[in-house]
Amino acid sequence: MNPFDYVNSILQNKKDLMVDEATEKEYTSFLVNRSLSYHKDCIMYANEMNQRHQLDKKLQYHFLLNTVRSQKRPFAKWAKPVKSDDLECIKQIYNFSDAKAREALRLLSDEQIQELKEKTDIGGLRK
């Protein structure tokens, strides 16, 4: 059973999936709360469970199961970071992490970034 089965039971079918200890161990509250936070009417409930993370998984699940209204909601796509060619170029040349490369990107001028791109250009066809 994956975390999205729990989300589906909370949002739509209202079936209690936590019937034994094995299913309780599979419940990942972080992923469930995160996926609920993408729906406007569930943000406050997800935040409430984030504030009370120390509660048992069963208590968290049953709170959400019995509190969130059942209705058909559109699938919410998860936000993902945007890839930057400039950032990848800086990471490749200087062996920086993402965070350090972002800092360096703010410090470099457009001309300097262009020079770095020319250094990393190995030729061939680009797709």
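Guide: Let's begin with a definition: buried means under 20% relative accessible area, exposed over 50%, and partly exposed in between, with a 1.4 Å probe and protein chains only. The model is a predicted one, in which local features need pLDDT of at least 70, side-chain atom pairs count only at pLDDT 80 or more, and totals for chains, interfaces and linings use all residues. Residues are numbered from 1 along each chain as its sequence is written, and side-chain values use heavy atoms, with hydrogens and water left out.

Visitor: What makes N95 exposed?
Guide: N95 has a relative accessible area of 69%; exposed means over 50%, so N95 is exposed. N95 lies in the loop between α6 and α7, and it too has a positive phi, about 55 degrees, although it is not a glycine.

Visitor: How do you know what counts as a helix here?
Guide: Helices are DSSP runs of H or I with at least four residues, strands are runs of E with at least two, and both are numbered from the N terminus. By that rule the chain has eight helices and zero strands. Read from the N terminus, the elements run α-α-α-α-α-α-α-α.

Visitor: What makes the chain more spread out than a compact globule?
Guide: The globule rule is 2.2 Å times the number of residues to the power 0.38, and the radius of gyration is taken over C-alpha atoms. For 127 residues the rule gives 14 Å, whereas the chain has 22 Å, well over that value, so the chain is more spread out than a compact globule. The C-alpha trace spans about 60 × 30 × 30 Å along its principal axes. Buried residues make up 25% of the 127 residues.

Visitor: Why are α6 and α7 called roughly perpendicular?
Guide: Axes are lines fitted to C-alpha atoms, for helices over the stretch in contact, and angles run from 0 to 180 degrees between N-to-C directions. Angles under 35 degrees count as roughly parallel, over 145 as roughly antiparallel, 65 to 115 as roughly perpendicular and the rest as oblique. The axes of α6 (residues 85-94) and α7 (residues 98-107) cross at roughly 110 degrees and come within 9 Å; the two helices are therefore roughly perpendicular to each other.

Visitor: What is the handedness of the crossing of α6 and α7?
Guide: A crossing is left-handed if the near helix is turned anticlockwise from the far one by less than a right angle, and right-handed if clockwise. The α6 and α7 crossing is right-handed, while α6 passes α8 in a left-handed crossing.

Visitor: Which residues of α6 and α8 make their contact?
Guide: Contact means heavy atoms within 4.5 Å. Helix α8 (residues 110-120) packs against α6 at an angle of about 65 degrees, with the axes 10 Å apart. From α6 come D85, D86, C89, I90, Q92, I93 and Y94, and from α8 come I113, L116, K117, K119 and T120.

Visitor: How do you know that I90 is buried?
Guide: I90, in helix α6, has a relative accessible area of 1%; that is below the limit for buried, under 20%, so I90 is buried. Leaving aside neighbours within four places in sequence, I90 is in contact with N95, F96, A101, A104, L105, L108 and L116.

Visitor: Is C89 buried or exposed?
Guide: C89, also found in helix α6, has a relative accessible area of 6%, so by the under 20% limit C89 is buried. Beyond its neighbours within four places in sequence, C89 is in contact with L116, K117 and T120.

Visitor: Why is K57 called partly exposed?
Guide: K57 is in helix α5 (residues 57-67). Its relative accessibility is 34%, so K57 counts as partly exposed.
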